[in-house]
Amino acid sequence: MTLRPNSPEARDAAYHMHSYTNARALEKDGPLVLESGEGIRVTDNNGKSYIEGMAGLWSVGVGFNEKRLVDVAAAQMSKLPYYHNFTARSHGPVIDLAEKLIGMAPVPMSKVFFTNSGSEANDTIVKLIWYRSNALGKPEKKKIISRNRGYHGVTIVSASLTGLPNNHRSFDLPLPGILHTTCPHYWKEGQEGETEEQFASRCAADLDAMIQAEGPDTIAAFIGEPVMGAGGVVVPPATYWEKIQEVLAKYDILLIADEVICGFGRTGKMFGTETFGIKPDIMTMSKQLSSSYFPFSAFMMNDRVYQPIADESDKIGVLGHGYTGAAHPVGAAISLENLKIIEERGLVENAAAMGAIMRKGLDDLTGNALVGESRGVGLIAALELAAPEGMEIPVGQLGAKMSGYMMENGLISRAMGDALGFCPPMIITEAEVKELLDIVGTSLDALTKEIL
Ligand code: PLP
């Protein structure tokens, strides 16, 4: 494709280096340029409208033109457009939000620490856990266990926690001391004759063996998303979290629940930890916290985590950590209003109800010869395509083609290998879910015609 000279696409290709993009392909083909958003839809600069089937990056819970968030941002900009929380400073929005989050926590939590992105939150968590281990006089207790296909971000530590090859290759990652255990994807990792529960027991046994091999006194924490998102929407098998938590409790290992995608309704309950009976020591939050109207993230920690850190900061005289933009008054005001909207409009319940319809519609496609698995919980799902018996198709090709057909037909999804993700805004209506499913069906028909 030749880009039209001086078009937005050509100028973007000339000056803008993109995230998660093949840079050479972008130079040639240019980007998709979006101009506006309304409800669950976005419109590009040619006037073509798409259902945003991924809510942006799993994040725009309240949809793309929520006026209440715009108004609250403008009001806060006019009143106090910026302040920080260094050296014991604070402001109303962040005080209200910290209190609100502690009140919402599904297990007793003690303090909230504010950051700007999910990556930064997880990076900070690891840093504070190291600080805590030193405070406790256990300097050897520093290793963190994550999972293959887990996603926790892209900064040096967070990318190390992430268990996906493209986040490590050529980046000299993961860092030493960050380990990855079995991915709890029954459909892919389960063995012949193994039940889901037996598979969950094997995942827990693998974790136990890793802890034993490394030395239990060297492991500080385990991190996991209640449901894996970017690794392909992996819903853990029955009894998985129960068994994992038994292992962690045995060795005094902290549990970090990365709720960056699951938090604030996505799994059909307010938090993914509630959906799966997880009792974390730390919870990472971002995305639907502000519906991504502002870069904003935070994590909560319980007293077991907080108290030794507080003691250490007292001993040293300061907690030597913080970000200029974190605890931002505009982000905090937006997040508070966003949480109010989620509660007032019953969006968690809507996610559960609309998710059930969406997942049923995707399940109905499993008879198609190109569909390997349909999986999901609440309003997050994936349809994984697979080459039929006897056909060799390179991994990722079916996913990319299907994603292309859906784009043509007006639906933005995300191909993660051959798994297509569906995670639309939580305001979606039944009619809109049906429209989304119609496009998936039509696109799958077109793909089937092309391949078979
Ligand atoms: N944790 C999870 C579960 C995520 O899905 C993501 C992003 O997709 C992150 C952390 C990283 O967040 P960010 O992209 O804001 O750094």
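This is a predicted model: local features need pLDDT of at least 70, side-chain atom pairs count only at pLDDT 80 or more; totals for chains, interfaces and linings use all residues.
Now the chain as a whole. The protein chain holds 16 helices and 15 strands. Its C-alpha trace spans about 65 × 60 × 40 Å along the principal axes. What radius of gyration does the protein chain have, and what would a compact globule have? For 452 residues, a compact globule would be near 22 Å, and the protein chain has 22 Å, so the two agree. Of the 452 residues, 48% count as buried. Take the contacts with a separation of 6 or more: 70% of them are accounted for by residues 24 or more positions apart.

Next, the core. In soluble globular proteins, nonpolar side chains tend to be buried together. Here the largest nonpolar core has 125 residues. Those with the most contacts inside it are Ala221, Leu254, Ile256, Ile282, Ala298 and Phe299. Which helix gives the most to this core? Helix 13, residues 329-344, does, with 7 residues.

Ala298, leaving aside neighbours within four places in sequence, is in contact with Leu101, Val112, Phe113, Phe114, Thr115, Ala121, Met285 and Leu289.

Ile282 sits in strand 9. It counts as buried because it has 26 C-beta neighbours inside 10 Å, and 20 or more is what burial takes. With neighbours within four places again left out, Ile282 contacts Ile125, Leu254, Ile256, Phe299, Met300, Met301 and Val305. For a sense of distance, the C-alpha atoms of Ile282 and Ala74 are 208 residues apart along the chain and separated by 32 Å.

Met301 was on the Ile282 list, and its place is in strand 10, residues 297-301. Met301 and Ile282 are 19 residues apart in sequence, and C-alpha to C-alpha they are 4.4 Å apart in space. Is Met301 buried or exposed? Met301 is buried, because 24 other C-beta atoms lie within 10 Å. Beyond four places in sequence, Met301 touches Met109, Ser110, Lys111, Asp281, Ile282 and Tyr306.

On to Gln76, which is in helix 4, residues 67-79. Gln76 has 24 other C-beta atoms within 10 Å, so it is buried. Not counting residues up to four places away, it touches Pro93, Pro329, Val330 and Ala333. Gln76 and Ala333 are 257 residues apart along the chain, yet their C-alpha atoms are separated by 6.9 Å. For reference, helix 13 runs over residues 329-344.

Last, the backbone. Most residues other than glycine have a negative phi, and most peptide bonds are trans. There are some exceptions to go through.

Where is the cis peptide bond? It joins Leu173 and Pro174, with omega at about 5°. Pro174 lies in the loop between helix 7, 156-161, and strand 6, 178-181.

Val233 is not a glycine, but its phi is positive, about 55°. Val233 is found in the loop between strand 7, 219-224, and helix 10, 240-250. This residue is buried, because 26 other C-beta atoms lie within 10 Å of its own.

Ser292 also has a positive phi, near 60°, and is not a glycine either. Its place is in the loop between strand 9, 282-285, and strand 10. With 21 C-beta neighbours inside 10 Å, Ser292 counts as buried.

That is the end of my part.

Note on methods:
Residues are numbered from 1 along each chain as its sequence is written. Helices (H or I, at least four residues) and strands (E, at least two) are DSSP runs, numbered from the N terminus. The radius of gyration is taken over C-alpha atoms; the globule rule is 2.2 Å times the number of residues to the power 0.38. A residue is buried if 20 or more other C-beta atoms lie within 10 Å of its own, exposed if 12 or fewer, and partly exposed in between; C-beta atoms are placed from the backbone. Two residues are in contact if their C-beta atoms, placed from the backbone, lie within 7 Å. A nonpolar core is a set of buried Ala, Val, Leu, Ile, Met, Phe, Trp, Tyr and Cys residues joined through C-beta atoms within 7 Å.
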